[in-house]
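Open the model in your viewer and get ready to click along.

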Amino acid sequence: MAKISFKTLKNKAQKDINLAKDLKELDEIFRKYLGEKGELRQILHSLEDLPQIKRKETGKLANQIKKEIEETLKKKKSNIQNLISNIQKQEWVDITIPGKKPVLGHLHPLTQVKREIEEIFQSMGFSVVEGPDVENEWYNFDALNIPKDHPARDMWDTLWLKDKGAKLLLRAHTSPVQIHYMEKNQPPLRIIVPGSVFRHEATDARHEFQLYQIEGLMVDKEISVAHLKAILTEFFKRFFGKNTAFRLDPDFFPFTEPSFNVSVTCVICGGKGCNLCKKTGWLEMAGAGMVHPNVLKNSGLNPKEWRGWAFGFGLERLAMMKYKIDDIRLFRSGDLRFLNQF
Ligand code: DAH
């Protein structure tokens, strides 16, 4: 009877040990079977009345069962400990290793150049002004002395917006902001106007369908081309970091009279002539001139009282000449090999 009980006890204990999931459960199993009040002890107590020889035999058997259970417990314990130490090894982190730094971006080269230009002009007393990207015909053309059907309109390949009769367009230049500003502000005035302009244009190394311009306008009593030249000289010197030769060549714009284009020596070829500058050694940076009396009139100013000059720089062109970039399309290519250089 005792034999069967011992065997059953052993089987039960081993089954429990197999199912145990952690050290705490193993401890409970030890106490349940082998502890002071454990089941093995209870069986032994119940055998106290047996004759001595029988008791001896039974005692031996009990010891053997105890050893076997202890052995199984030990094995299971070391299994669980191995498992725990494996998990700890896998999950171990070295908290002293420095963290991964997030990659910091930087401003786009055109934004950097734009801010630099703004600072230079602000230090010469110019305010930075903005205007809308979407204009109507009056501001983009008529008010700038470019009437309907005038051939000068062909100079701007305009993108018209489909709208209910309002004839809206994406501004082809920043010059409309001259009108907006003069309508609301009395001279003397000095402003620059950075902003996007849009052209219906096939792209090449010098041309984009979307680009930035920096418009400039100065209106006062006794203003002449000499003021324009002085401001341009100072601007180029500060922007390029050295005295920079530039040219004013006669040109035509309906909103200025006389009109010029402003060119600097092409830095790509050092003035020797290359594809970018069409072998001339000079690259056009801006259109400029004395504000046409009709433009002043259309803005509500008396041309007999006020005079002014204006310019319109291509921001990309300035950046190209500052950083020796030979293709305007790189700016909006999103190519990090290009952008990370700035
Ligand atoms: N708006 C002209 C263009 O986009 C550039 C220009 C020429 C602006 C002469 C001016 C100017 O202010 O006086 O081609």
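Select the ligand and the residues around it. This is a predicted model, and 16 residues surround the ligand. The closest are His173, Ser175, Arg199, Gln213 and Glu215.

Now color that shell by residue class. Six residues are nonpolar, eight are polar and two are charged.

- His173: a polar side-chain atom lies 2.9 Å from a nitrogen atom of the ligand.
- Arg199: here a polar side-chain atom is 2.9 Å from an oxygen atom of the ligand.
- Trp156: a polar side-chain atom sits 3.4 Å from an oxygen atom of the ligand.

How much of the ligand's accessible area does the protein cover? On its own, the ligand has 350 Å² of accessible area, and the protein covers 93% of that.

Keep the surface on and find the pockets. The largest pocket is the space that the ligand takes. Switch to the cartoon and select β6 (210-220), β9 (282-291) and β10 (307-314). These are the elements that give two or more residues to the shell around the ligand.

Now zoom out to the whole protein. Count along the cartoon: there are 11 helices and 10 strands. The radius of gyration is 44 Å, well over the 20 Å that the globule rule gives for 342 residues, so the protein is more spread out than a compact globule. Last, draw a box along the principal axes. The C-alpha atoms fill roughly 140 × 50 × 35 Å.

Note on methods: Residues are numbered from 1 along each chain as its sequence is written. This is a predicted model: local features need pLDDT of at least 70, side-chain atom pairs count only at pLDDT 80 or more; totals for chains, interfaces and linings use all residues. Side-chain values use heavy atoms; hydrogens and water are left out. A residue is near a molecule or strand if one of its heavy atoms lies within 4 Å of it. A polar contact is a pair of N or O atoms within 3.5 Å; within protein, one must be able to donate a hydrogen and the other to accept it, and residues adjacent in sequence count only if both atoms are side-chain atoms. Accessible areas come from the Shrake-Rupley method with a 1.4 Å probe; for residues, only the protein chains shown count as cover. On a 1 Å grid over the protein atoms alone, a cavity is a set of points where a 1.4 Å probe fits but cannot get out, and a pocket is an open set with protein on both sides within 12 Å along at least five of seven lines; lining residues have an atom within 4 Å of a point. A molecule sits in a cavity or pocket if more than half of its atoms lie within 2 Å of its grid points. Helices (H or I, at least four residues) and strands (E, at least two) are DSSP runs, numbered from the N terminus. Ala, Val, Leu, Ile, Met, Phe, Trp, Tyr, Cys and Pro count as nonpolar, Asp, Glu, Lys and Arg as charged, and the others, Gly among them, as polar. The radius of gyration is taken over C-alpha atoms; the globule rule is 2.2 Å times the number of residues to the power 0.38.
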